[in-house]
Amino acid sequence: MSVDLYGLAKCSTCDKARAWLDAHKVKHSFTDYRDEPIAPATLKAWAKELTWEKLVNRASYTWRDLTEQQKAASTDAQWLALIKEFPALVKRPVVVKDGAVSVGFTEKKFKELFGG
C-alpha cells in the first residue's frame with residue numbers, strides 16, 4: 001500500500017492525521033505543499049477525481065479574504081492560479097492511497113480508508 005499525505009507542517013488537522021497513521025502503523029510520506037508546491041497536473045488530476053469545490057477549503061481564512069472575483073473561479077487555469085498564489089486554499093490533508101484521492105481527516109474516515 002502506498003500512502004502519501006499532503007498538507008501544511010503547522011496544521012493541527014495534518015498533525016492528527018499523521019499521528020493516527022503512526023499509531024496504526026501505516027507507512028506514509030508527508031509533503032508540505034508550501035515548501036514543495038504541488039504540480040499543476042497533479043492538482044488537476046485531484047480536482048478531476050474530487051472536483052475543485054471539494055479540493056478547496058472554502059471555510060478557511062484564506063478563502064474569506066479573497067475577492068468575489070477570485071471566489072468565482074470556474075476554470076482549471078483560474079483554480080491553479082489561485083492555489084499557486086494561496087497554497088493554503090487546498091483542504092488538509094490530501095490523502096493519496098494507491099492512487100485514490102481524498103481530503104480531510106476524521107477518525108471514522110481514516111478507519112474506513114485504512115481499516116482498524
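Trp 52 is in contact (heavy atoms within 4.5 Å) with Leu 43, Lys 44, Ala 47, Asp 76, Trp 79, Leu 80 and Ile 83, leaving aside its neighbours within four places in sequence. This is a predicted model: local features need pLDDT of at least 70, side-chain atom pairs count only at pLDDT 80 or more, and totals for chains, interfaces and linings use all residues. Residues are numbered from 1 along each chain as its sequence is written, and side-chain values use heavy atoms, with hydrogens and water left out.

**Nonpolar cores**

- A nonpolar core is a set of buried Ala, Val, Leu, Ile, Met, Phe, Trp, Tyr and Cys residues joined through side-chain atoms within 4.5 Å; buried means under 20% relative accessible area (1.4 Å probe, protein chains only).
- The largest nonpolar core has 27 residues, of which Leu 43, Trp 46, Trp 52, Leu 55 and Val 94 touch the most other members.
- Two or more residues of this core come from each of helix H2 (40-50), helix H3 (52-55), helix H6 (76-85), strand S3 (94-97) and strand S4 (100-103); helices (H or I, at least four residues) and strands (E, at least two) are DSSP runs, numbered from the N terminus.
- A second, separate core holds 10 residues, including Leu 5, Val 26, Phe 105 and Phe 114.

**Sheet**

- Four strands form an open sheet in the order S2-S1-S3-S4, with mixed pairing; two strands pair if DSSP finds at least two bridges between them.
- Strand S2 (29-32) and S4 are the edge strands, each pairing on one side only.
- Strand S1 (residues 3-7) and S2 run parallel and are joined by four bridges.
- Leu 5 has Phe 30 in S2 as its bridge partner.

Technical notes. Buried < 20%, exposed > 50% of the residue type's maximum accessible area, 1.4 Å probe, protein only.
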